[in-house]
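Here are my notes on the model you sent. Please keep the structure open as you read.

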Amino acid sequence: MDFDLSPEQTQLKDGVERLIGSAYGSLEQRNARAAGPLGFSEKVWAQFAEMGLTGIPFSEDEGGFGGGPVETLAVMEALGRGLALEPYFATVVLGGSAVRLGGTEALKARIIPGIVEGTTRLALAVTEKQSRYDLFDVATTARSDGDGFLIDGAKSVVVNGDSADRLVVSARTDGARRDREGISLLLVPADAPGVTIHGYPTQDGGRAAEISLAQVRVGADALIGQAGNGLPVLERVAEFAIAALAAEAVGIMAALHQMTMDYLKTRQQFGGPIAQFQVLQHRAVDMFIALEQARSMAFYAAMMVEHADAAERAAALSAVKVQINRSCRLVGQEAVQLHGGIGMTMEYLGAHYFKRLTMIESLFGDTPHHLRHVGDAGGLEKWANRQSLQGQ
Amino acid sequence: MDLRFTPEETAFRDEVRGFFRTQVPAEIRAKVSEGRSLTREDYVTSQRILNARGYAVPHWPKEWGGQDWTPIQRYIFTEEMLLAAVPLPLQFNCYMVGPVIAAFGSQAQKEKHLARIANLDEWWCQGFSEPGAGSDLASLKTRAVRDGDHYIVNGQKTWTTLGQYADWIFCLVRTDPAAKKQAGISFILIDMTTPGITVRPIITLEGRHEVNEVFFDNVKVPVENLVGEENKGWDYAKFLLANERTGIARIGLSKERLARVKRLAKEMPAGEGMLWDERDFRDRVMNVEIELKALEITQMRVVAAQGRRGDNRPDPASSILKIKGSQLQQATTELLLEVAGPFALAAPVRTGELSNDWPFDYDWADAAAASYFNNRKVSIYGGSNEIQKNIIAKAVLGL
């Protein structure tokens with residue numbers, strides 16, 4: 001058991017932190033990047049690719065760098081700290097995982113090199129107006145059409161959906177709206193006839209899109225995974241998403257906590273720094289505990305996301321999301337409160353951290369959603385349930 | 001980064017797990033699991049079984065019976081002991097006075113006491129808190145005045161846990177009333193049979209006799225019972241309290257109790273089915289289980305950091321373990337109380353005994369409220385959670 005990074009992982013972490021430190025050194029820099037046509041900087045995105053970040057989760061055979069969950073953790077934590085806008089999560093973590101886990105060799109060979117080079121951007125189009133967080137709740141249909149498919153439906157809040165070249169779309173090739181079977185994943189070019197994309201800004205400074213699909217024709221080679229059996233791939237993607245969001249949230253919370261400590265030590269009221277007040281000290285400690293509990297769960301996520309037992313893995317990642325969500329809420333709210341008025345302003349970086357933390361809570365499942373999931377699984381401690389005190 | 005145990009660590013876990021579950025009597029472990037009181041004999045029996053195997057004081061220096069274990073092995077050992085509901089070796093002996101004597105005591109004190117402390121041949125209790133010195137421990141007033149070869153001790157200690165069984169008490173006493181607070185305090189060992197000592201029980205809210213008041217009226221204590229140097233007692237006390245905090249999260253205990261909550265909830269009728277079938281109840285259980293998992297990893301991080309530093313200095317971050325660990329222990333007793341529901345109303349008829357022959361459908365339920373009441377102490381003792389927050393604010397956050 002150890003929590004240390006290898007020398008290579010340390011080097012990666014230092015490299016990403018340096019890059020993010022210069023690309024996102026101030027809120028003004030971030031605002032300028034957000035104001036660009038894509039909502040992020042293509043230059044910085046190219047730097048991500050140059051550094052090899054976009055190739056991390058892909059094997060060397062696939063043209064990537066063969067990194068694992070710990071490497072992703074190091075990168076996402078740094079991106080969180082910088083509130084980076086580039087579509088790393090959408091392209092590498094979401095779309096990339098779908099292609100990596102479900103794609104045929106031919107599809108992987110067609111798509112992954114572009115992701116690694118920074119020339120292909122993906123988005124995951126799964127949420128629908130009725131689905132909330134249920135990945136299996138799919139009304140969008142894909143009918144067989146010759147040797148391909150004809151897609152009809154609509155997807156909502158697709159993160160970075162307005163700057164992606166290709167969309168990973170969940171569509172029903174069989175079954176009823178809430179069946180677990182009959183879902184297929186299809187890779188759809190963003191400029192395919194029948195695809196309409198309405199992009200808009202998000203609360204956390206990023207971009208998302210409403211996407212409608214009307215009689216969109218794709219070939220058989222667009223299929224990711226088996227026809228009708230796309231849900232297991234999608235659920236794996238969601239697990240990687242949760243692990244990545246956990247790391248991002250820890251990066252944000254650590255930065256926000258540090259900002260808040262600095263503020264308490266410098267802000268003068270009643271003739272001294274407000275850090276002298278015990279009631280504020282104790283709230284700062286509550287933030288610290290929430291941060292450290294979240295950090296522990298981000299490590300747990302990195303360990304469990306590759307765990308072989310699917311049921312245990314799913315319960316573990318749900319547990320991670322519950323803890324991360326709770327910590328996001330507590331750290332975010334306390335940071336604003338301890339900052340007072342300045343924490344309420346658009347000009348203050350801390351407020352933007354708070355907004356991103358809040359949005360992370362509702363990405364890939366809120367607290368009640370995942371709490372229910374862990375409960376249905378019977379919890380995390382299976383052996384303790386099976387064993388009585390008397391036996392071994 | 002690898003959060004799994006090595007094959008050696010797993011083998012060690014299996015070994016201690018097997019030992020605890022086969023060698024420590026099941027009836028003693030059942031009492032611990034149900035949250036009932038142990039008798040003096042229960043403590044002695046259990047600790048002597050551990051000690052015979054070298055398991056009572058593994059964290060002590062090797063020459064006094066300790067084991068050459070890594071911090072990770074020690075962590076595994078304690079967690080397995082709690083998971084098996086084995087009573088921890090008497091804290092006052094093994095985690096408090098023993099390590100202090102081993103680190104700061106005279107050779108004569110070590111030879112006289114350490115082996116007997118480990119085997120519970122001597123039962124020790126703690127004389128720190130006073131009526132006027134709780135969280136502000138350094139304001140203690142019990143005086144020890146030098147008179148030839150003796151100190152004459154006068155004053156009062158309180159919250160003396162299991163003092164009714166004790167052969168010895170280790171005390172913080174004021175030896176220099178002129179010095180400022182912490183500076184004038186000494187650490188002395190007092191034989192409980194010395195004339196002038198009176199022990200008076202305090203019955204805690206759940207009806208048990210667990211703590212006491214101890215009065216000292218011109219008690220003569222030989223000077224060789226001073227530990228270390230005169231007026232340096234505060235340093236030894238800090239060493240002791242830091243030791244105390246390391247294992248205080250009691251994660252294994254909370255896990256064991258949570259498993260019990262689940263088991264009992266699956267057998268407790270509620271509505272059309274069982275209590276476990278109710279989603280909001282399950283959500284409450286899961287909230288606790290998830291935080292417990294996070295704390296377990298936090299604890300592993302603290303342990304791994306100790307291993308990397310190669311020392312056993314407790315991390316200031318271990319205050320987190322005390323705060324969260326105590327909150328979760330309390331949360332599990334609240335859940336148990338909820339499972340017992342209306343049947344929690346029944347008070348235990350015979351404190352400290354199993355009541356299997358009692359004509360009641362839920363023979364465990366009478367201990368649920370007692371355990372809940374009693375566990376309110378865990379956020380108060382060992383430095384209250386508010387004191388722990390003061391420590392983190394200063395030592396970790398620099399506020």
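The numbered points below go from the overall fold to single residues.

1. Ground rules. This is a predicted model: local features need pLDDT of at least 70, side-chain atom pairs count only at pLDDT 80 or more, and totals for chains, interfaces and linings use all residues. Residues are numbered from 1 along each chain as its sequence is written, while chains are lettered from A and ligands numbered from 1 in the order in which they are written.

2. Chain A overall. Chain A has 12 helices and 10 strands. Both are DSSP runs, numbered from the N terminus: helices are H or I, at least four residues, and strands are E, at least two. The radius of gyration of chain A is 22 Å, close to the 21 Å from the globule rule for 392 residues, so chain A is as compact as a globular protein of that length. (The radius is taken over C-alpha atoms; the rule is 2.2 Å times the number of residues to the power 0.38.)

3. Burial. Of the 392 residues of chain A, 51% are buried. Buried means 20 or more other C-beta atoms within 10 Å of the residue's own, exposed means 12 or fewer, and partly exposed lies in between; C-beta atoms are placed from the backbone.

4. Cores. The largest nonpolar core has 184 residues. Such a core is a set of buried Ala, Val, Leu, Ile, Met, Phe, Trp, Tyr and Cys residues joined through C-beta atoms within 7 Å. Helix 7 (residues 231-266) of chain A gives the largest share of this core, 21 residues. Apart from it lies another core of 49 residues, including Leu114(B) and Leu162(B).

5. One core residue. Ala301(A) is among those with the most contacts inside the largest core. Leaving out residues up to four places away in sequence, Ala301(A) touches Ile242(A), Ala243(A), Ala246(A), Leu317(A) and Val320(A). Contact means C-beta atoms, placed from the backbone, within 7 Å.

6. Strands. Strand 2 (residues 141-145) and strand 3 (residues 148-159) of chain A pair antiparallel over five bridges. Pairing requires at least two DSSP bridges. Asp145(A) has Gly148(A) as its bridge partner. Two residues lie between the strands of this hairpin, where Gly146(A) takes a positive phi near 65°. Strand 3 of chain A also runs antiparallel to strand 7 (residues 207-218) of chain A, with eight bridges.

7. Phe215(B). Is this residue buried, partly exposed or exposed? Phe215(B) counts as partly exposed because it has 17 C-beta neighbours inside 10 Å. Beyond four places in sequence, Phe215(B) contacts Gln156(B) and Thr198(B).

Note on methods: Two residues are in contact if their C-beta atoms, placed from the backbone, lie within 7 Å.
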